[in-house]
Amino acid sequence: MKRWALMLTIGLASPAAAQLLGGGLPTGGLGTPLGGVTDTVQRATGSVLGSRQQASDALSQGVASNLGRPLLMADGALRALSPRDLLALRKERLRALVRENRATLDVDDDGNPVRRDVILALALSPETLEKAKAAGFTLTGTETVDGLDVSTSILAPPHGKPVRKAIETLRALDPGGTYALDAIYEPAHAPLAAMAGALAGGGATSGSAPLRMGLIDGGVGRHPAFAGIAIEQRGFAGEAKPSGHGTAVASLMVGRSGAFHGAMPGAGLLVADVYGGSASNGSAVAIVRAMAWLAQNGAKVVNISLVGPPNPLLAAGIRALTTKGIRVVAAVGNDGPAAPPQYPASYPDVIAVTGVDAKGKALMEAGKPLHLDYAAPGADMVGAVPGGGWEVLRGTSFAAPLVAATLARVGTPAALAAEAKPGSGRIGRGIVCDTCRTPPKAVGLK
């Protein structure tokens with residue numbers, strides 16, 4: 001058995017690894033097993049890869065759900081995949097996510113998951129609202145995001161009409177209006193199934209650094225790396241719950257334990273959980289609510305290791321943060337260069353981050369955004385697992401928090417640019433925080 005395949009097999013043996021790798025143990029939604037999704041994606045993997053048997057074998061173990069992707073696949077296996085292969089796997093993953101959450105999710109015209117029966121209308125006039133009601137639409141709520149000066153009306157389509165069709169009716173009624181579906185944003189790598197255990201936080205010491213960094217992700221689980229660090233968490237899709245992805249990302253920002261250290265160890269962190277343990281959450285509305293909370297509580301830098309389609313409400317939230325002087329850092333995604341540009345990383349006001357390996361080479365599975373600012377370590381390193389222990393990481397999700405924390409530490413975009421060092425491949429202005437990687441051997445992993 002090849003070394004990378006062995007790594008995947010061993011990794012899937014533990015619940016913590018399954019949480020990060022997408023193995024057979026995580027659950028989606030409110031706890032429904034994802035075995036059906038596993039089978040679906042494995043069959044799709046086989047049909048996509050064809051004769052690329054080694055890569056297929058690894059993927060069949062690693063791509064186990066719509067909640068995540070393999071993190072430990074080595075370059076040898078990744079080189080067997082073309083951009084077209086990665087794109088096909090992305091499409092199947094999104095289809096599987098919607099199939100497993102039919103009660104709450106639908107798709108837009110491009111196949112992206114969206115909240116079922118939710119249409120967002122920005123700056124809806126009373127006259128247009130009356131026209132919409134006459135056409136069978138229902139006003140289900142008005143979302144006023146305090147702190148960002150962003151508001152939107154939430155409409156339900158006429159009974160039985162898919163949102164992707166209904167939104168065209170609204171645009172015909174009001175060609176000058178701004179309408180959008182409530183898009184779902186995925187973690188740029190790793191699953192979000194809720195894990196048992198307590199949330200990090202509550203044990204801050206009087207000497208903790210101020211809470212000036214924000215994280216929009218899944219919840220952060222308790223871990224020794226967060227001992228004595230001021231971490232405040234709030235849920236924006238129900239109760240905040242620990243997740244492997246959020247915990248790993250947070251550890252790379254502020255964690256410290258023995259040989260392990262994040263980019264700004266010991267700093268305070270505000271965590272906005274937009275999933276509540278369910279991959280069917282993470283919507284544009286939840287993310288913008290989270291942005292407002294972070295802005296109101298003093299965050300100066302916000303990390304978003306999530307990816308999805310462009311969305312007017314999300315764009316408005318980004319603009320509002322930028323106007324307040326709050327910098328947003330985001331991962332470019334891991335579905336390869338053939339995948340469409342991902343957001344929020346592709347918005348011009350956002351610092352877009354890709355990942356590099358231990359040799360400073362850009363990760364071949366990294367997405368291709370409309371612009372790319374920096375790279376940071378995104379492979380050959382470890383992060384925290386909820387409850388204790390460490391896991392080997394790979395993906396742009398884990399590069400973005402290193403850039404975000406470095407920006408918080410140095411203070412200005414100009415100082416961040418001065419930190420960048422040369423590398424290989426498409427890495428933007430250079431590699432930031434190249435010494436922030438904690439190698440697996442440092443914590444006793446191979």
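1. Asn311 caps the N-terminal end of helix 11, with a side-chain oxygen 2.9 Å from the backbone nitrogen of Leu313. This is a predicted model, in which local features need pLDDT of at least 70 and side-chain atom pairs count only at pLDDT 80 or more, while totals for chains, interfaces and linings use all residues. Residues are numbered from 1 along each chain as its sequence is written, and side-chain values use heavy atoms, without hydrogens and water.

2. Helix 11 covers residues 312-323, 12 residues in all, and spans 16 Å from first to last C-alpha, close to the 16 Å expected at 1.5 Å a residue (the expected span is 1.5 Å times one less than the number of residues). Helices (H or I, at least four residues) and strands (E, at least two) are DSSP runs, numbered from the N terminus. After helix 11 comes Gly325, with a positive phi near 80 degrees.

3. The buried residues of helix 11 include Leu313, Leu314, Ile318 and Leu321. Buried means under 20% relative accessible area, exposed over 50%, and partly exposed in between, with a 1.4 Å probe and protein chains only. The buried residues of this helix pack against strand 4 (113-122), strand 6 (150-156), helix 10 (284-296), strand 16 (327-331) and strand 17 (350-356); contact means heavy atoms within 4.5 Å.

4. Asp182, in strand 7 (residues 178-183), is buried without a salt bridge, and the nearest side chain of opposite charge is Arg115, 4.9 Å away. A salt bridge is a side-chain nitrogen of Lys or Arg within 4 Å of a carboxyl oxygen of Asp or Glu; Lys and Arg count as positive, Asp and Glu as negative, and His and the chain ends are not counted.

5. The side chain of Asp182 makes a polar contact of 3.4 Å with that of Ser283, and a polar atom of the Asp182 side chain lies 3.1 Å from the backbone nitrogen of Val285. A polar contact is a pair of N or O atoms within 3.5 Å; within protein, one must be able to donate a hydrogen and the other to accept it, and residues adjacent in sequence count only if both atoms are side-chain atoms.

6. Most residues other than glycine have a negative phi, and most peptide bonds are trans. Asp117 has a positive phi near 60 degrees; this residue lies in strand 4. Asp380 also has a positive phi near 60 degrees. The peptide bond from Tyr343 to Pro344 is cis, with omega near 15 degrees.
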